[in-house]
Amino acid sequence: MKRLIGVGVGPGDLELVTVKAVRVLREADVVLVPVLAGSALQTPEPGRAETIIRAYVDAGKIKRVEFALNDTGGVTPRRAAAWRAAGTAVAAEFAGGASTVAFGTLGDPNLYSTFSYLAQTVRDLVPGVDVQTMAGITAMQDLASRARISLAEGTEPVTLVPLNGGVGALEAALASGGTVVGYKVGAAASPDPQTLRDSLHQAGRLEDAVIGARLGLPGEFITPAAEFLAPAAEFLAPASASPSTPESAPAPTSEPKNIPDIPYLSTLIIPVRRPSRGSSLARNQSAPETRRTDGTLGRSYAAQCSIGPTEGSGPTEGSGPTEGSGPTEGSGPTEGSGPTEGSGPTEGSGLAGAGGPAEAGGLAERALGRVSFVGAGPGAPDLLTLRGANVIAAADVVIWASSLVHPDVLTHAGKNAEIVDSARLPLEGVLPYYERAAEEALNVARVHSGDPSLWGAIQEQLDQCAALNLDTEIVPGVSSFTAVAARIGRELTIPEVAQSVILTRLGGGKTPMPPGEQVAEFARHGTTMALFLSAARSAQLQDELLAGGYPPDTPCVIAFQVTWPDELIVHCVLEDLAASIKERKLWKHTLVLVGPGLGAGGSRSHLYHPGHFHGYRKADRKARKQLRAAHRPTPADGP
């Protein structure tokens, strides 16, 4: 069996790679990494994905494949030729005897990734190839952790939008409420900085927005969008100048501004505004001045949020996303399949030889006590990040919820660590350990399932830690929605089908939904949706999705306990969603994916059809006629 595995290696930080990803990369016969077309031989310096992988894999096993990453305008001839050449390179590796080819991609391979194009090509060239993906930490999660932004609490939704789709997509997401995350901020097709600033200002969301780039790397910056998108003269204003509020900010103008260029891979987070307290570091915290690579003044929160170990967490019992977790058969670290020597943590020592700063953060050397919120992922213990393992290894006290976190995660704890099961403890039962940490300068690892920034119920804990003058960190974790995408082998962002992802939950339970944030309203976008904490009211869920405009035959995926031994994944269509959930008596630990991009087989891409032509290839005449006939409207279809 030939296997092509897309491996998410995180946004850039060497420690935000999962234990499983390291194992898969090391066991592969060859590891491919993407580079800009025309630079594979001329560029001596490795790209970002390659730099991460080189920390864990012998350089001799790594090969570069070219992609036209800097082309704009959709499917260009140059892009098409690069995809075909990359697919041919993979096919050549299989023909040469390789049984497993791994492809390293930044972030997660099922969100805005080059891997989907490669996989599509390889399927055409290598019939029967088994295509798999390994979930990774996204830039959204890392930026939220570093900026200490809680992306979603209670019933709040989160919408992911590619900004190169135009300002209209951003404005529609802002109008829907909840937190909005913009990817590819610096793409040529994305709104220019002034337009972006104007849109955020008009929505009353500019002051809370945060932009981040090169996370975990030299030159990293995390800065309020209001500062970064300001005219150049405003960068030189005194650091003590307070940010403008929507009421006091001057009306935006259409005059050209001298605004710095935005890096292509920048990420924008526009947090939901919570009336009772601020929710964004951009609004609530001051930060030391740093200099961007362009020499202008900005503000980086890395010093406060720490690039050292830990960033992430998960829900307290019954409050966070209980959907999915735990290893499926063969996915957990079986004997000899876990981290190899030098990659996994030795007892109480952190991850020796991990290639990243295993002792980063110097937990034991800090004068203050520290609470580190660690995202353990959906369940499988090898989906814990290396940073999360390091933090657990260095902790004096490890607090975990046995109802949500796999017990094998505790193998990373030091032999002298105090282990506390919080499954039956309310917040008041956990607070005494935080108080001890403050009094005795202890390091506490608070381990949660999933990712801390998504319904993780950590804000109240952060508030308590602040009152105790404790240092805090958040280590992002793999979320159940990306774990499900990896298990079913489907990209969530399909070009020309679904380019946005909405994360939300059903209203009507213990926590009412805010106005305008009903499932039916989000369904009107017709894109991919991930619904947390909604299976208990499956009939209402199905009704709202249909009322919002999804056709009855829209593909759905029901995922129970994803990556746990008793994992159950069911494919159905929307009109059968409620019946499928009730038949299996699923009401908790269940995530539902809905959207046209989840089609089991999908339609064949015209790009590689022999009847399709472009500047680099002529169409086969017979195939061309067949292709046109297949897509010619029938009288019933109308003009």
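Start by selecting Gln499, which touches Tyr112, Leu160, Pro162, Thr493, Ile494 and Thr527 (contact means heavy atoms within 4.5 Å), leaving aside residues up to four places away in sequence. What you have open is a predicted model, in which local features need pLDDT of at least 70, side-chain atom pairs count only at pLDDT 80 or more, and totals for chains, interfaces and linings use all residues. Residues are numbered from 1 along each chain as its sequence is written, and side-chain values use heavy atoms, with hydrogens and water left out.

Stay with Gln499 for a moment. You will find Gln499 in the loop between α15 (480-488) and β20 (501-505); helices (H or I, at least four residues) and strands (E, at least two) are DSSP runs, numbered from the N terminus. Gln499 is partly exposed, at 29% relative accessible area; buried means under 20%, exposed over 50%, and partly exposed in between (1.4 Å probe, protein chains only).

Next, select helix α5, residues 139-146. Eight of its eight residues are buried, so the helix is largely enclosed by the rest of the structure. Among them are Met140, Asp142 and Arg146. Step just past α5 to Arg148, which takes a positive phi of about 55°.

Finish at Glu156, in the loop between α5 and β6 (158-162). Is Glu156 buried or exposed? It counts as buried, at 11% relative accessibility. Show its side chain, and you can follow it to the backbone nitrogen of Glu153 at 2.9 Å. Glu156 also touches Leu151, Val272, Arg274, Trp455 and Glu517, again not counting residues up to four places away in sequence.

Key: A polar contact is a pair of N or O atoms within 3.5 Å; within protein, one must be able to donate a hydrogen and the other to accept it, and residues adjacent in sequence count only if both atoms are side-chain atoms.
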